[in-house]
Each structure stands twice: as C-alpha cells, then as structure tokens.
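User: Could you walk me through the disulfides of this model, step by step?

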Amino acid sequence: MTAQSRYRIAAALGALIAPLALVATTSAPADAGTSSHKHQIYEYKVEKYIRLAGVGTDTVGDSPTQTLSCDPGDIVLDGMWSIKNVDQYNPPPPDPDGPPTTTGGVYNDARDVYVVSSYPDQFDPRRWNFEFDNRAYGDAQVKLFLTCIRSFTEYTNSHRHDIKVRNVAPIQAFTAPHATYTDRYVYDRGAVCTADEMFVAPGFDLTGLADHRLVATYPTNSGRGWEWEFGASAPAAAPWFYGKCIERRVFDGATPRHSVGMKHMPSASFASGFTVSVPLGDQQESRYSCDQDDNSLHGYKAMVGWFWMGNHWDDSWYLGMEPRPKTRAYVFWNFNGTPAQAKIGTLCINSRTSFPLP
Ligand SMILES: [Zn+2]
C-alpha cells in the first residue's frame, strides 16, 4: 500500500466518523430529562411449526428438543406451545384385534403430548428451550411461539435508550400439595423482582416427572413474582423454575430516562382474571386483549400470558396458547359434563415510552 492510498483511507474514515461524533454530542441535551419526547419500543413474535413422531411405527419427526430465538441482540419475554393436532393412529398390518401392544399414551390424542420443559436459556437472552414427549401413537403437530422485545428503544431526537431485562437465578425446588385440590402441586417463586421490575419469561423443566401437566401459571406479588401449578401424582423429583425481570424504565447507562407502561390485565391477581367457561366437548379457544377492559391500553402488547384452571381442572386440559399483537389466545379442552372454569390474563407492555418517570 502506498502512502497516498493510506492517506485516502484515513480521510474517508474521518468523513464517516465526523457526523457520528456530531450526533453523540447533540444527543445529551435532547434527553436531559425535561423533554416529553417518546420512543417506540419494538415488540414482536416468532413462531415455528414442528411435527413430533408418536410411539407408533412412524418414527420420522422433528426433534423433541427444540430451541427458538428472537432476532440477534433482542430479548425473549415469553415462550409457549400450542398442540394443534395428533394424527389418528392407523395400526400397521396385521391389524391387531385388541389394543396396541407397544407402550403408548392413555388417550392417543392431544392430551398425550407432554411438555417436559419450556424455559428461557440462561446464556443467550434471545433463546428459549423446549422439550416434548409425544406418547400418542400418531404424530403430533405443534406450534412454538416466542414474544420478543428489542434491547433498545427506537431513535427519537437522535438518541435511544437501553431496555433492561435480567435473569432470575433458576431454582430447583419441590412442588407442594395444593391447599384445595388433590393431585395438584404448586410452586411459588415469591417476589424476586424489585418494585421497578415485572416478572417475565416464566419457565420450568420437569425432567424426571413423567406425569406432570401444567394447570396454572400466573403472576404473584403484584407482578413481581410467579407461581406454577401442575396436575400430578406426588412428585418424585424437584423441577427447575426460571424467569426474568424487566425494568419498567429505559436507561442511558445507569440513569433512567423514561418509563414504560406495564400492567397485568385484567388484574395482577389470578383470582380476578378474565373468567372462561369451557363446555364439554370440542377444544375451545378463549382470548383476552390488553384493551378490552381499558381502551387507554390500545398501544399495549400482550407480552406474557397466564392462566389458572379451577372447577373440573382434573377433567380438562390446557393445550397451549398463542400470542397475537395485543391478544393472548388460549385453548382448553374439557372432558367433564359440567362447564370447566379457567381464569386468563396477560402482562401488557406499552409499545411507546411514557413521561415522566414513575
Ligand atoms: Zn429519550
């Protein structure tokens, strides 16, 4: 390289750097804490379709261990599944007269698809891990979903801010018998987030607990903690529980600059959730939207979903949920003659910052 060409490169770099430096020096006064400007916050979902081989003769399928990730640099706030269908079992020739002799599930439908684990990765903020166990004979069609948030706001007045989400230390703990329902076990994580944070990304790993199925997952302590409930026999092992805390403010370094509206709707208490009545028979989709009870929340997105199954929970199944921009849709399946009851709700997060700070 000649001296002349080296100079040209240096000059070109200088031309690139100069406008950036100008932006950096002018951004501080624009955000000195007196302006009422707002920033957009990018919230979105990611989805994936998988087909899980059953215990029948067709063993071709996707891996029962799955991961799904938000865009690079972003942060996952919730991970979920939705069991769409289990194929009818067609026995191979010769057609057995009696029940199939291989070890299969009890129902040979969506109820036989167990969720072994569903939790936020501890090393990669944008990644969620799943494991399934399809005990039906036929293949299971399952959709996986994440809700994601960009790790910084969009630019306003030539600057942007950091969105802060931290991992809660995972804990391995035995579930305790439910106070009211037999064959139901509970774990309460307690208020692990600060008053400036909300608990998000609730997850669990039930490895070693073959019969556990989720019957409730909901916020506690005004949204600073979380609780899970499983329909199960006495637990033989302690599950792992996971979560994160998201700051209700955006930052310049360590300095909070604007607040971010976050609210559990219709309530931060599961008992005051939106009541769902599930009739006997077909799978029923039930929805709750952030602004259906308060239209001032029209700009909020349903980022973390929760539910609690009550009457006839033992004859009903939760098949999963699906995120829509400001709505969470849940599917319950009731096998009891009387309507089953569930409560649903969602943590809604504003897609714009607010002013002033809380
Ligand atoms: Zn700002």
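This is a predicted model: local features need pLDDT of at least 70, side-chain atom pairs count only at pLDDT 80 or more; totals for chains, interfaces and linings use all residues.

User: Is Cys245 buried or exposed?

Analyst: A residue counts as buried when its relative accessible area is under 20%. Cys245 has a relative accessible area of 1%, so Cys245 is buried.

User: What is the handedness of the disulfide of Cys290 and Cys348?

Analyst: The sulfur atoms of Cys290 and Cys348 are 2.1 Å apart, and the two residues form a disulfide. The torsion about their S-S bond is about -100°, so this disulfide is left-handed.

User: How many residues apart are Cys70 and Cys148?

Analyst: Cys70 and Cys148 form a disulfide, with their sulfur atoms 2.0 Å apart. This pair links distant parts of the chain, with Cys70 in the loop between strand E2 (65–69) and strand E3 (75–86) and Cys148 in strand E6 (residues 140–149), and the separation is 78 residues.

User: What is the pairing when the bonded cysteines are numbered in sequence order?

Analyst: A pair counts as a disulfide when the cysteine sulfur atoms are within 2.5 Å, and by this rule the count comes to 3 disulfides. With the bonded cysteines of the chain numbered in sequence order, the pairing is 1-2, 3-4, 5-6.

Terms used: Residues are numbered from 1 along each chain as its sequence is written. Side-chain values use heavy atoms; hydrogens and water are left out. Helices (H or I, at least four residues) and strands (E, at least two) are DSSP runs, numbered from the N terminus. Buried means under 20% relative accessible area, exposed over 50%, partly exposed in between (1.4 Å probe, protein chains only).
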